[in-house]
Amino acid sequence: MAQEQVRIMVVEDHSSFRQALAHMLDLEPGFRVVATAGDLAEALKVPTDNVDVAIVDMALPDGEGTELIRALHKSGDRVTALVLSGSLSRRQYARAVEAGAAGVMHKSSSIEEIVDAVKRLNAGESLLSLEEIVDLFRDVGRQREQDHDAKQAAASLSQREKEVLWALAEGLDSKQIARRLNITVDTERSHFIRIFAKLGVHSRLQALIFAVRHGIVEIR
Amino acid sequence: MRKTRVLLANEPRSYREVMASAFREMRPNLEVFVADPDEVERILDLISPDVVICSEPIPAVQHRVRAWIELYPAGESLVVVNVEGERSTFDDLELLGLLSIVDDMGEKLQHTNQGCAPTN
């Protein structure tokens, strides 16, 4: 009896890598590459009722790989998603798993590791232990809480306090900020004391990093 | 006439390994080598490649290899091809396109007999 082949879809925007990977996977005994796509839009058009494993790049030019994974799950087709990511960010891994990826691998993996992962996933194995999945979700939850708190902190800043941060982002010192905003240096310092308290930071540098990270100011 | 030597030293690892496997399978006429980017300078001495595919062409590659391809630097969909100082830029490149560049460069280097001399 002929062995059933694992039907694979490769979604990756770097064409030469996508095509090389598809070519090599197709040569693997028991594998058959049934579709490839270079972006999210193309991948969403692929009929997935004949796909067993989708190898998905996280960073696509028109969206994230997680969007495709969610769509695969919604479709009801039993497609197992393996994410290949160029990032080592735990947060990205968590998001991929949360979206429904059965496995996440970094692009520093070898072709043998990728092939092995596809075989294991197709056999119903998980690449992550339950403990690892719980840890990842815990991290995502924690990160969401921190993001929510940061958003609230940013929203609590007054317009004047934002102007002070903008001036800081331009590299101005205390005297220059005070002159720019037509206030005294003492008042400028008071503004910063309130800013530190609201943002939960302890220095101008930390305040600036917070402000840049959360989009309150830009560094030009 | 020796085979054209191609060194893949691009990041990430899966890219260089997968592409090297594909090159070997699709072009048996090439000698394909794979190296970590940190080892490139040492490998240049050992194998004298005719073509180097890398993510960032270090000075040794730029000065000692007559044909190099900067493939997806920093993960960008960009390919820069440099053959004896003549530079072309592409928004991404398909596998067959990459292979044809390697083929053309190999032919050129073989015909002009100006490729790096093999070391013994």
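Contact here means heavy atoms within 4.5 Å. This is a predicted model, in which local features need pLDDT of at least 70 and side-chain atom pairs count only at pLDDT 80 or more, while totals for chains, interfaces and linings use all residues. Residues are numbered from 1 along each chain as its sequence is written, chains are lettered from A and ligands numbered from 1 in the order in which they are written, and side-chain values use heavy atoms, with hydrogens and water left out.

**View 1. Helices α7 and α9 of chain A pack against each other.** Helices (H or I, at least four residues) and strands (E, at least two) are DSSP runs, numbered from the N terminus. On one side of this contact sit A:R160, A:E161, A:V164, A:L165 and A:L168 of α7(A), and they meet A:H191, A:F192, A:R194, A:I195 and A:K198 of α9(A). By type that's five nonpolar, one polar and four charged (Ala, Val, Leu, Ile, Met, Phe, Trp, Tyr, Cys and Pro count as nonpolar, Asp, Glu, Lys and Arg as charged, and the others, Gly among them, as polar). The axes of α7 (residues 159-169) and α9 (residues 185-199) are 10 Å apart, at an angle of about 100°; axes are lines fitted to C-alpha atoms, for helices over the stretch in contact, and angles run from 0 to 180 degrees between N-to-C directions. The two helices are therefore roughly perpendicular (65 to 115 degrees; under 35 is roughly parallel, over 145 roughly antiparallel, and the rest oblique).

**View 2. Helix α4 of chain A crosses helix α6 of chain A.** The axes of α4 (residues 90-99) and α6 (residues 130-155) come within 9 Å and cross at roughly 110°, so α4(A) is roughly perpendicular to α6(A). Residues making the contact include A:Y93, A:A94 and A:V97 from α4(A), with A:I133, A:L136 and A:F137 among those from α6(A). Overall, the contact residues split into seven nonpolar, one polar and eight charged.

**View 3. A:R95 pairs with A:E64.** Their side chains meet in a salt bridge, 2.4 Å from N to O (a side-chain nitrogen of Lys or Arg within 4 Å of a carboxyl oxygen of Asp or Glu). The pair links distant parts of the chain, with A:R95 in helix α4 and A:E64 in strand β5 (residues 63-64), 31 residues apart. Over all chains, the count comes to 25 salt bridges.

**View 4. Chain A meets chain B.** Here 20 residues of chain A touch 22 residues of chain B. The two chains bury about 1,600 Å² between them, 61% of it on carbon and sulfur atoms (accessible area, 1.4 Å probe, lost on being put together and summed over both parts). A:H14, A:S16 and A:F17 supply 33% of the area that chain A buries, more than any other three residues. How many salt bridges are there between chain A and chain B? The count is zero.
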